[in-house]
Amino acid sequence: MSENNANGIAKRELLILGSGPAGLAAALYAARAELAPLVLTGMTLHGQASTTDTIENYPGFPEGIGGTELGQLFQAQAERFGAEITMDVATDIDLKKQPFSVRTYSNEYSVKSLIITTGADPKKLDVLGEKALTGRGVSYCATCDGWFFKDKDIVVVGGGDSALEEGLFLTRFSNSVTIIHRRDELRAGAILQKRAFNNPKMHFIWDSVVTEIIGEDAVEAVQLKNLKTGQETLKETKAVFVAIGHHPNSEMFADQLELDELGYIVVNQKMETSIPGVFAAGEIADPHYRQVVTSAGMGAAAAIQAVRYLEDLEAKE
Ligand SMILES: Cc1cc2nc3c(=O)[nH]c(=O)nc-3n(C[C@H](O)[C@H](O)[C@H](O)COP(=O)(O)OP(=O)(O)OC[C@H]3O[C@@H](n4cnc5c(N)ncnc54)[C@H](O)[C@@H]3O)c2cc1C
């Protein structure tokens, strides 16, 4: 429970920003260390994974599990040990001095330690059909969904490293992978390009954008527009993997914590950020793996470190 000071500021040992796999795993570990952590859910309760029908690669669920259901289980497990989860969004943060200050829509907190797990959202194409067919052939993660498209013809949108990495990975399952790129050359590194051009399952459509994703209950085709000629064509496909980048939710921390060139929070192996007592975990600090299991693992590590940090702090006081 919070202890409020004279100004109505709630005092907390540990505050966790975000209720995705990283935030709720951190909450579980911190709760089991009797820190009674408070989790601010943000706008997406249970995080990105809650938006998908089935998760088949989280260990312990041989038949797979619904994204919403998994999020609810994460929450129940953390609450069982004393984590408090509240629907609120952090709006302003001051990390200049200990204790740190966190403002939210409805409160102000003074916290000794902070775990940031605000995630990174995949960039969308923003075309007709994309939202309705997400999880029905539209995907932002080849590792998560590639398996569903065994022996199918599929497309990947993008021209950078992640588009080629996703595309090459998908050739393990699919019959063919067509990269759709808005330019006439790729931005990806030379080695990846060589591997892609040498792979007989990889094909390329240049100078083109997807203007619509078509399908009733599942993806059936994409409408393409050639940006040089203006010509429109229909390409049949069973899946559209969108690989045009991610947007880390780190704006609030930009002037206070070290970020990398893409905006991800820089952490070391202990999930420590550039400020002692502030930890980051999950996709906000991970441009590489972007999985429920890896995010949850980082969240657990961050909580273990936060416990150690608070013990050291208490010993000094
Ligand atoms: C459609 C889809 C399907 C997927 N399928 C799979 C799959 O099958 N298997 C798999 O392993 N992975 C899958 N993923 C990826 C997986 O969901 C992510 O890797 C994982 O959710 C990342 O966890 P996270 O806790 O780091 O961040 P997120 O899940 O992104 O959670 C971020 C949290 O931060 C909160 N937040 C943001 N800003 C604030 C703020 N200012 N204040 C407070 N809270 C804030 C949000 O509300 C949210 O709760 C999928 C992703 C998508 C989008």
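Helix α1 is mostly covered, with ten of its twelve residues buried, where buried means under 20% relative accessible area, exposed over 50%, and partly exposed in between (1.4 Å probe, protein chains only). Helices (H or I, at least four residues) and strands (E, at least two) are DSSP runs, numbered from the N terminus. This is a predicted model, in which local features need pLDDT of at least 70 and side-chain atom pairs count only at pLDDT 80 or more, while totals for chains, interfaces and linings use all residues. Residues are numbered from 1 along each chain as its sequence is written, and side-chain values use heavy atoms, with hydrogens and water left out.

The buried residues of α1 include Pro21, Gly23, Leu24 and Leu28, and the buried residues of this helix pack against β2 (10-17), β3 (38-40), α2 (67-80), β4 (84-86), β7 (108-116) and α6. From its first C-alpha to its last, α1 reaches 16 Å, close to the 16 Å expected at 1.5 Å a residue, the expected span being 1.5 Å times one less than the number of residues. After α1 comes Glu34, which has a positive phi near 65 degrees.

Among the polar contacts (pairs of N or O atoms within 3.5 Å), a polar side-chain atom of Glu283 lies 2.5 Å from an oxygen atom of the ligand, and an N or O atom in the side chain of Gln291 is 3.0 Å from a ligand oxygen atom. Taken alone the ligand exposes 1,000 Å², of which the protein buries 92%, with areas from the Shrake-Rupley method and a 1.4 Å probe.

Strand β7 holds Ser110, and Ser110 counts as buried because its relative accessibility is 15%. Not counting residues up to four places away in sequence, Ser110 touches Ile9, Ala10, Lys11, Arg12, Pro99 and Phe100, contact meaning heavy atoms within 4.5 Å.

Val266, in the loop between β17 (246-248) and β18 (278-280), is partly exposed because its relative accessible area is 29%.

Key
A polar contact is a pair of N or O atoms within 3.5 Å; within protein, one must be able to donate a hydrogen and the other to accept it, and residues adjacent in sequence count only if both atoms are side-chain atoms.
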